[in-house]
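Subject: Structure for you to look at

Hello,

Here is the structure I promised. Please open it first, then read my notes below.

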Amino acid sequence: MCGIVGYVGKQSAAPIILEGLRRLEYRGYDSAGISVITPDGLAMRKRKGKIDEGLAKLLKVQPLAGGLGIGHTRWATHGPPSDENSHPHQDASGRIAVVHNGIIENFDRLKDRQIKAGHHFLSATDTEVLAHLIGEHYERQRAANVIPPAGIHPLAHAVMEALREVIGTYGIAVVCADYPGVIIGARRGSPLIIGVGDGENLLASDATAVAPHTRQVVYLNDYDVATLTADRFTVASLGSDTAQVQISQLEFSPEAAERGEFAHYMLKEIFEQPRTVANALRGRVDLEDGTAKFGGLNLTTAELRAIDQIVITACGTSWHAALVGEYLFEEFAHIPVEVEYASEFRYRNAPIETDTLVLAITQSGETADTLASLRETRRRGHKVLAICNVVGSTIAREADGGIYLHAGPEIGVASTKAFTSQVTALTLLALHMGRIRMLSLNRGRQILQALEAIPAQIERILGQNATIERLAKKYAGARNFFFLGRQYNFPVALEGALKLKEISYIHAEGYPAAEMKHGPIALIDDTTPSVVIIPSDAMYDKTLSNLEVVKARKGPVIAIATEGNSTLAKQVDDIIYVPATLEPLFPLLAVVPLQLLAYHIAVARGCDVDKPRNLAKSVTVE
């Protein structure tokens with residue numbers, strides 16, 4: 001959450017930072033701002049609102065000239081969205097500017113101390129307190145002629161001393177008018193990377209911001225403090241005598257983060273799913289042995305066979321994918337599975353048996369609660385595998401092993417392609433675990449063949465986009481929705497409800513279909529549509545009975561059904577057909593029309609699909 005961009009080099013900093021902020025706006029769009037060191041000193045521009053509606057217009061009227069600067073796009077935590085609370089923030093002298101992603105938990109105590117010392121504050125943010133704290137240490141060092149340790153820049157030394165007083169999380173960029181060629185960056189619990197250029201260097205909270213300028217990046221670790229100039233960078237550590245620095249190559253092109261011909265990133269990413277599911281399968285299908293193969297699990301077959309329980313921890317859409325995974329592991333491998341919200345699991349003293357494997361599922365690899373769960377689990381001595389989309393992310397680096405999704409950057413705040421990629425990876429891992437236990441060769445081959453058909457089947461569903469758009473317009477005025485499914489399709493019902501509520505602001509709930517009669521059916525009336533996922537599977541007759549209960553109360557029903565089921569069309573108000581597949585794989589198909597339905601309803605209601613209110617991508621704060 002929140003986006004940070006810094007630039008130092010030969011080019012004009014402001015346009016580069018502004019474009020980088022646009023690329024990161026999915027991380028927060030309450031306000032945006034830039035500080036540049038100009039020939040006249042440190043200058044700042046910031047405005048409430050989305051970038052193009054505020055900051056960009058301001059910069060046209062009041063441009064900034066200079067080759068070094070930092071910028072920020074905000075998702076509000078401390079203090080409501082306003083010009084005053086926008087980043088950057090300055091210290092008491094006005095010579096230091098700071099942008100910050102994270103939460104300083106002890107800011108109130110620090111602020112009380114500073115107020116008693118005569119400090120005045122212009123905002124309600126914790127970040128301004130941090131800026132003043134850095135300024136205090138900087139001024140104290142100058143007054144005492146403190147010589148920093150060898151290799152540490154004076155501004156970096158002030159930042160490091162200030163951060164030793166801080167409790168909380170941060171990804172920060174700091175500049176000072178006294179050093180017009182230096183940017184300091186630091187992180188703890190909030191992602192930050194260095195983009196390594198030729199005669200220029202960049203700092204950002206996400207690789208999409210630096211991709212147009214360089215393919216070489218350094219992923220900073222917690223407690224790292226980086227010093228950037230145009231020609232070089234150094235990294236020190238608050239936590240040890242040395243910092244580990246490794247230059248990595250970005251695995252995606254700048255074009256992968258563009259919308260292209262699509263009206264919204266979300267729609268683009270929905271339509272990318274045939275390719276992203278194929279990417280998740282590529283190189284992992286072993287038809288001869290009827291199993292999946294992985295290169296990064298870092299667990300032997302004997303270690304995997306010894307596992308007698310799996311705990312999956314995740315948040316949001318990833319949690320719904322985890323629920324599908326629970327069904328997959330229990331059916332394919334007969335291993336009991338617990339699915340935990342990471343935000344709850346990290347604080348529980350849950351008893352975990354010795355031979356338990358923990359799976360952490362995350363698109364960004366930076367989700368704060370999932371990362372905390374991973375660290376706590378590893379502290380207890382358990383193996384943790386990550387299912388993650390971002391190479392080089394913190395969770396990917398700290399897990400014992402894992403599976404990359406290779407889905408490319410996901411910009412839309414409402415996750416789509418990550419879900420199908422996660423479910424694909426979970427299916428492959430469950431199959432692998434099953435084959436080293438009791439799953440037959442023939443069943444393994446059957447699953448793999450059905451998996452390989454999924455990308456083409458998703459293409460066929462996407463071909464119904466216009467039909468689903470017309471259906472969406474019919475129901476766009478509804479105030480409430482229910483999404484119902486059974487077994488494998490119950491998590492898909494939850495995901496369908498989440499997609500609708502987060503981008504269209506319609507109240508929506510997902511339930512196991514049979515649970516409607518245990519209370520929620522009281523809300524059914526002729527204005528409340530129910531989306532019923534009803535494939536032609538072993539649960540068809542049971543689900544049909546649940547559907548009839550809704551119809552008997554005059555509730556409109558939209559069915560997601562298997563192709564060829566012509567009789568069901570007479571029993572429901574509307575129907576969307578998806579191709580036939582194996583029961584465990586139906587979620588990969590059923591979720592696609594739900595994504596499209598949510599998207600088109602949001603568009604019909606005039607909602608900002610890619611920037612839904614109050615939401616941001618990659619939740620890196622509690």
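Which residues in the largest nonpolar core touch the most other members? They are Ile310, Ile312, Phe329, Leu359, Met433, Phe481 and Phe483, out of 95 residues in that core. A nonpolar core is a set of buried Ala, Val, Leu, Ile, Met, Phe, Trp, Tyr and Cys residues joined through side-chain atoms within 4.5 Å. Buried means under 20% relative accessible area (1.4 Å probe, protein chains only). Helix α18 (residues 586–604) gives this core its largest share, 13 residues. Another core lies apart from it, with 35 residues, including Ala56 and Ile411.

Two notes on the source. This is a predicted model: local features need pLDDT of at least 70, side-chain atom pairs count only at pLDDT 80 or more, and totals for chains, interfaces and linings use all residues. Residues are numbered from 1 along each chain as its sequence is written, and side-chain values use heavy atoms, with hydrogens and water left out.

Next, Glu269. It sits in helix α6 (residues 265–271); helices are DSSP runs of H or I, at least four residues, and strands are runs of E, at least two, numbered from the N terminus. Glu269 is buried but has no salt bridge (a side-chain nitrogen of Lys or Arg within 4 Å of a carboxyl oxygen of Asp or Glu). The nearest side chain of opposite charge, Lys417, is 5.1 Å away.

Last, the strands. β12 (residues 224–228) and β13 run antiparallel, joined by 5 bridges. A hairpin of 4 residues links them. Val225 stands opposite Ala236 in β13. In β13 (residues 233–237), 4 of the 5 residues are buried.

Best wishes

Note on methods: Buried < 20%, exposed > 50% of the residue type's maximum accessible area, 1.4 Å probe, protein only. Lys, Arg positive; Asp, Glu negative; His and termini not counted. Pairing = 2+ DSSP bridges.
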